[in-house]
Each structure stands twice: as C-alpha cells, then as structure tokens.
Amino acid sequence: MTKNVGIVGLGAMGLGVARSLLRAGLNVYANDVRQQVLDGFAAEGGIACQSVADMGKHCDAVVLLVVNAAQTESVLFGADGTHGLAHAMKPGSVVIACATVAPEFAIRLGQRLQDMGLHMLDAPVSGGAARAAEGTMTMMTSGPAAAYAACEHVLAAMAGKVYRLGDQHGQGSKVKIINQLLAGVHIAASAEAMALGLREGVDPDALYEVITHSAGNSWMFENRVPHILNGDYTPLSAVDIFVKDLGLVLDTARASKFPLPLSATAHQMFMQASTAGHGGEDDSAVIKIFPGIEVPPKRDPGTN
C-alpha cells in the first residue's frame with residue numbers, strides 16, 4: 001500500500017481532498033499553478049512540487065482535480081505530449097482522473113495510460129468543497145480491478161461513497177454527466193422559480209422557506225437559492241462550469257440522436273448568463289438573465 005499520493009489542483013475541492021488524505025496519514029505531494037496556495041498547503045504538512053514531473057517520481061497514485069479534459073491531458077502528457085506527469089510515473093502506478101469529461105475521452109485516456117504501463121480510474125466526483133474537506137465526497141468510478149487494488153485506501157480517505165460502476169473506463173463519466181444534467185436543470189429551474197417570485201412581489205425569504213418544506217424542493221434549490229437571497233455570487237461552482245458540463249451532456253446525447261429538451265434549454269440559459277458577463281460568477285447567477293428582475297443586493301448571510 002503506497003503512502004505517497006499526489007494531488008494536482010488545489011482548488012475548492014482539491015485542497016479539501018489533499019487535507020483529507022493528510023488526515024489519513026498519507027504523504028501528500030501537491031502541485032498547483034498558484035504558488036501561494038501551494039506554500040500554504042506545505043505549511044500544513046503537505047509536500048509542494050514545483051512540477052508534475054517531480055511529483056510523478058515520488059507517487060504511486062495521483063489524483064487529478066483539474067477542470068476539464070484539456071487540463072487533464074496537459075497535466076498527464078505535457079504541451080508536446082512527451083513530458084508530462086504520466087511519463088514520470090512508475091509502471092503500475094494509478095491515475096485517478098476526477099474531471100468531468102466526455103465518456104469517449106475517458107475511454108481513450110485509459111487506453112493511452114494502459115499502453116504506458118499505468119492504471120487509471122475514471123473517477124469523477126460530486127459533493128462540493130464541504131464534502132471534499134470532510135472526506136465524504138461521492139465518487140463515480142470505473143476501471144480495471146488492478147487500479148482499485150492499487151488505491152483503495154486513497155479512495156476511502158477521499159470519499160464517503162465510492163461507486164464501482166464497471167471495469168470499463170467511461171462508465172463513471174457517463175453517470176457523472178447524467179448527474180450534471182439534473183444538477184444543471186435543477187439550478188436553472190430554481191432560478192426561474194425565484195425570478196417569477198421576485199417579479200410577482202413575493203417575499204423571497206418566505207418563498208424559500210415554503211419551497212424548502214414543500215414538494216417543489218430540490219437539493220440544488222435548497223443549496224443555491226441562499227446565494228441569491230444573500231446577493232453573493234462568489235463562485236463555488238461557476239456558470240461556465242455548467243456551460244461546459246451541459247455541453248458534454250448534449251454532445252453525448254447527440255451522438256445517439258437522443259433528445260434532451262430540458263437540458264438544451266438549461267444550457268442556453270447558462271450560455272446567456274455567460275455571454276452577459278456572468279461566466280465566472282456562482283452558477284446561481286443564471287437568475288440574472290431574467291429581464292426586469294431586481295436581484296437582492298449582497299448582504300450578510302446572517303441577516304434575517
């Protein structure tokens with residue numbers, strides 16, 4: 001069982017995962033483009049790596065918590081395809097790829113790493129920064145048995161639930177994009193409902209209270225609407241994340257000519273918000289696309 005684990009990407013979720021691995025007694029090597037964040041993690045007991053190649057020399061398992069397929073490929077293979085993390089890792093090591101990507105990309109990536117003598121888990125995650133920090137994320141994983149055997153203790157430290165969805169890469173990514181279909185549609189629907197309530201002069205706090213105790217509630221409504229009520233669009237998951245993820249949903253369905261009318265509409269809503277300049281804001285900022293809606297000003301979350 002390896003004691004040396006690498007984390008690439010110390011963002012909102014990556015930093016929480018790195019800390020969870022430290023609590024589990026593992027030696028955690030980290031790489032991030034932001035030196036200040038890297039130095040802060042080193043002060044907590046982590047090991048800062050200035051390059052992913054340096055990390056690869058030390059770690060038998062590496063967790064990639066980057067944004068998308070392009071970043072995943074860049075980290076693993078470098079700009080020229082020959083000088084990335086994968087080229088520095090020892091044969092038999094495992095890559096735990098957590099970005100939300102197209103299933104076809106996950107399949108190709110797994111084969112490419114296998115040809116290099118490395119294992120891969122297609123392992124997108126859900127739960128946000130809070131669950132990452134607690135080590136209680138949900139992981140939707142697929143890959144060969146040997147990959148699981150090499151890193152079961154790492155997965156146990158990261159997640160409360162690790163779903164093993166098959167031995168073929170791509171299955172984890174398929175389940176994740178279906179989750180993102182629902183998440184994106186629920187956020188868009190929540191924004192639409194709150195926009196209507198504001199337009200009709202309903203007290204927004206009262207509306208939130210009623211809906212969260214009624215049949216119209218959803219996890220996303222309950223979680224995201226407080227951002228709207230507080231006027232705080234500091235990004236925990238940005239509008240542009242759902243531009244990307246719902247785009248992956250639609251691309252996957254398009255390949256088999258499968259209609260997704262609600263997903264398509266939600267995607268257009270996030271696209272409209274992004275085009276209006278809100279792409280880097282919290283995904284709840286999709287409410288800003290509605291004309292004539294006065295979104296409450298930012299306030300103290302403790303204000304009643």
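**Sheet and helix packing**

I found an open sheet of three strands, in the order E7-E8-E9, with mixed pairing. Strands (E, at least two residues) and helices (H or I, at least four) are DSSP runs, numbered from the N terminus. Two strands pair if DSSP finds at least two bridges between them. The edge strands are E7 (125-126) and E9 (159-164), each pairing on one side only.

The model is predicted: local features need pLDDT of at least 70, side-chain atom pairs count only at pLDDT 80 or more, and totals for chains, interfaces and linings use all residues. Residues are numbered from 1 along each chain as its sequence is written, and side-chain values use heavy atoms, with hydrogens and water left out.

I checked E7 against E8 (residues 137-141) next. They pair in the antiparallel sense over two bridges. Val 125 has Met 139 in E8 as its bridge partner.

Then I turned to H9 (residues 171-199). H9 lies across E7 and E8, at about 130° to E8. Axes are lines fitted to C-alpha atoms, for helices over the stretch in contact, and angles run from 0 to 180 degrees between N-to-C directions.

How does H9 pack with H12? H9 and H12 (residues 239-255) pack at an angle of about 125°, with axes 9 Å apart.

I listed the contact residues (heavy atoms within 4.5 Å). Among them are Ile 177, Leu 181 and Ile 187 in H9, and Phe 242, Leu 246 and Val 249 in H12.
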